[in-house]
Amino acid sequence: MSKPSVKPSRPFFSSGPCAKRPGWSLSALDQALLGRSHRAPEGRARLKEVITRSKDVLGIPADWRVAVVPASDTGAVEMVLWALAGGERGMDVLSFESFSGTWAQDLRDVLKIEDLRVHEAPYGQLPDLSAVDWSRDVVVTWNGTTSGVRLPNADAIPVEHEGLVICDATSAAFAMDLPWDRLDIVTWSWQKALGGEAAHGMLAISPRAATRLAEASPRPLPKIFRLANKKGLMEAVFEGDTINTPSMLCVEDALDGLRWAESVGGLEALKARSQASLAVVAEWVEKTDWVSFLAELPETRSCTSICLKISAPWFEELPPETQGKVVKHLTGLVAQEGAGYDLASYRDAPAGLRIWGGATVNAEDIQALLPWLDWAYECTREEFSA
Ligand SMILES: Cc1ncc(COP(=O)(O)O)c(C=O)c1O
């Protein structure tokens, strides 16, 4: 097979940090408030602007509180789990790939929560959602970034539910609908769908969640995780008074991403851009005999972290370590040509490919990438079956 001639103009397909928005350059950060205090009125105003623009673009209800919190999405999820788990209410957690598995592991093995139910499924599948007890607090990862499996819709979550639904939405936000009327706590990070810099995370909480978080935690929490004190919820955190010092360069970049999101038409346009990327990949998978989706059901296929397995018999017969080497070789060839970067599946996931199709990626670039994958596959097959 001859080498393709056209390369993606932006060969960036990493699932985090994700591609910057089209047209981004460092000059987008020219107006960053550098060398100034984030607690000065101007600094606080920028942080508040991240909150209000995020609320607007995502369509978060007016009575929800949104905060910029430390340590990216991991920090946002952990501060909630550590504040709530082990209280009076029991917890259910969905575990079906690496990150959702980490939340389950944290609750079970680190926090040692006794009243915990873990709903597990292997890579490619979702756990049985009908087994979830929504009278308990429930931890749901909306899109499993390492398996490319997403919740197909909100149907499984009752609007009326006694517990809190805690949703890790980091690779879903800005690309998929999130049912705010069925969720109580939602988290995401800057480094994902709007291509921001990795730094802080975002935490959105409903009024009911605010009441729960204002209560005393079952355990002492480090300052970096604390959202409440003796007087109750620390409201200032939800007005831009961050718990610790943020990078104002990253804040500016987060604002740039949000302004871009508004300029292309808001959430509907972001979703459409991501769906267009998935459609391009799906069409290719349909006509390609060596590759298939890791997500078993079409309605659970992610449009952001598009995970593929190599379904050729010669590959499937290889031991897992060799499969890993094959994928490294294949993706290495594509990267060496400058035709696509960061295309290997996550280190804990089955060996395969992962193409980020969030809104900052142009579907034409994915279209241009695919012949390179075919070419690299042929070269790799020859190499490994020699
Ligand atoms: C579903 C999910 N949760 C959590 C994380 C961790 O996010 P961060 O590295 O921004 O803390 C990721 C990162 O890819 C993720 O995909």
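Contact here means heavy atoms within 4.5 Å; helices (H or I, at least four residues) and strands (E, at least two) are DSSP runs numbered from the N terminus. The model is a predicted one, in which local features need pLDDT of at least 70 and side-chain atom pairs count only at pLDDT 80 or more, while totals for chains, interfaces and linings use all residues. Residues are numbered from 1 along each chain as its sequence is written, and side-chain values use heavy atoms, with hydrogens and water left out.

Buried residues (under 20% relative accessible area, with exposed over 50% and partly exposed in between; 1.4 Å probe, protein chains only) in H6 include Leu267, Lys271, Leu278, Val281 and Trp284. Among the elements covering them are helix H1 (41-58), helix H5 (248-264), strand S13 (305-310) and H9.

Helix H1 has 18 residues, which should span 26 Å at 1.5 Å a residue; the end C-alpha atoms are 25 Å apart, which agrees. Its buried residues include Arg46, Leu47, Val50, Ile51 and Lys55, and their cover includes strand S1 (65-69), strand S8 (185-189), H5 and H6. After H1 comes Gly59, with a positive phi near 70°.

An automatic or database domain assignment divides the chain into domain 1 (26-262) and domain 2 (266-385). Their centres, taken over C-alpha atoms, are separated by 28 Å, and 29 residues of domain 1 are in contact with 26 residues of domain 2. About 2200 Å² is buried between the two domains, 60% of it from carbon and sulfur atoms; buried area is the accessible area (1.4 Å probe) that two parts lose on being put together, summed over both. On the domain 1 side, Tyr123, Ala175 and Trp260 lose the most area to domain 2, together 21% of what that side buries.

Beyond its neighbours within four places in sequence, Ile355 is in contact with residues including Phe13, Val281, Leu308 and Leu373.

Notes. Expected span 1.5 Å × (residues − 1).
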